[in-house]
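The stops below are given in the order in which to select them.

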Amino acid sequence: MTQLDIIQPNNPTLRKRARPVTRFDDSVQELIDNMIETMRAASGVGLAAPQVNQSLRLAVIETPPDFDQEGQEIEDSRELFVIINPEITWKSRKMVDGIEGCLSIPGYVGEVSRHEAVRVQALDRRGKKLNLRLKDWTARIFQHEIDHLNGVLYIDRLTDPENFWTEEAFQKQFADDDEEQPIVIEAD
Ligand code: NI
């Protein structure tokens, strides 16, 4: 497997609406494997094909692990999804604010409002239909990745233009604060 280069917003592929996947051949399987490898190497929880300069409606997502009472990562508690040609078929009315980052915008985070829960219809890597019900952080990651397939970045959806920070400034700001620090999600 090969690690792929992740592009940044100066590359127009990131801003294009990606094309549907119509074949599930070896080249697509290889792209999927390389995207999983690239996401894991970058400690991301999601990666969309346009981020590796492939304008295709395809993303890989791996949920963060669960931890036991001692704070140890529970083995096999991460869940891996490969979603192809995904559609959001239902969105909760309830919205939640959360902090997101993006591997295509390294070093920054911002606050984004997302639907608390969504249902997504997609194909898996073999072309089999998936119907997924997602909530909380997993729903957030799916919304972030599906946005990538439409050329949308989280910086387009900030709760306020001021709610965008360098990771360093964000950590400092909330370390000085008495409030509990919000979870930073490396959305991809
Ligand atoms: Ni992203």
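Select strand 6 and strand 7 to begin: the two form a hairpin with 5 residues between them, and in the turn G127 has a positive phi of about 90 degrees. Strands here are DSSP runs of E of at least two residues and helices are runs of H or I of at least four residues, both numbered from the N terminus. Strand 6 (residues 117-123) runs antiparallel to strand 7 (residues 129-135), and 7 bridges join them; two strands count as paired if DSSP finds at least two bridges between them. To follow one of these pairs, pick V120 and look across to L132, its bridge partner in strand 7.

A word on the model itself: it is predicted, so local features need pLDDT of at least 70 and side-chain atom pairs count only at pLDDT 80 or more, while totals for chains, interfaces and linings use all residues. Residue numbers start from 1 along each chain as its sequence is written.

Next, select M35, A49, A59, I61 and F142, which touch the most other members among the 31 residues of the largest nonpolar core. Such a core is a set of buried Ala, Val, Leu, Ile, Met, Phe, Trp, Tyr and Cys residues joined through C-beta atoms within 7 Å; a residue is buried if 20 or more other C-beta atoms lie within 10 Å of its own, exposed if 12 or fewer, and partly exposed in between, with C-beta atoms placed from the backbone. Among the elements that each supply at least two residues of this core are helix 1 (26-41), strand 3 (80-91) and helix 2 (136-149), and helix 2 gives the most, with 5 residues. Centre the view on M35: leaving aside neighbours within four places in sequence, M35 is in contact with L4, L47, A49, V52 and V60, contact meaning that C-beta atoms, placed from the backbone, lie within 7 Å.

Now move to helix 2, where 11 of the 14 residues are buried, so the helix is largely enclosed by the rest of the structure. The buried residues include R140, F142, H144 and E145.

D136, with phi near 55 degrees, is placed in helix 2 and is partly exposed, with 13 other C-beta atoms within 10 Å. S43, with phi of about 55 degrees, sits in the loop between helix 1 and strand 1 and counts as exposed because it has 8 C-beta neighbours inside 10 Å.

Key: Contact = placed C-beta atoms within 7 Å.
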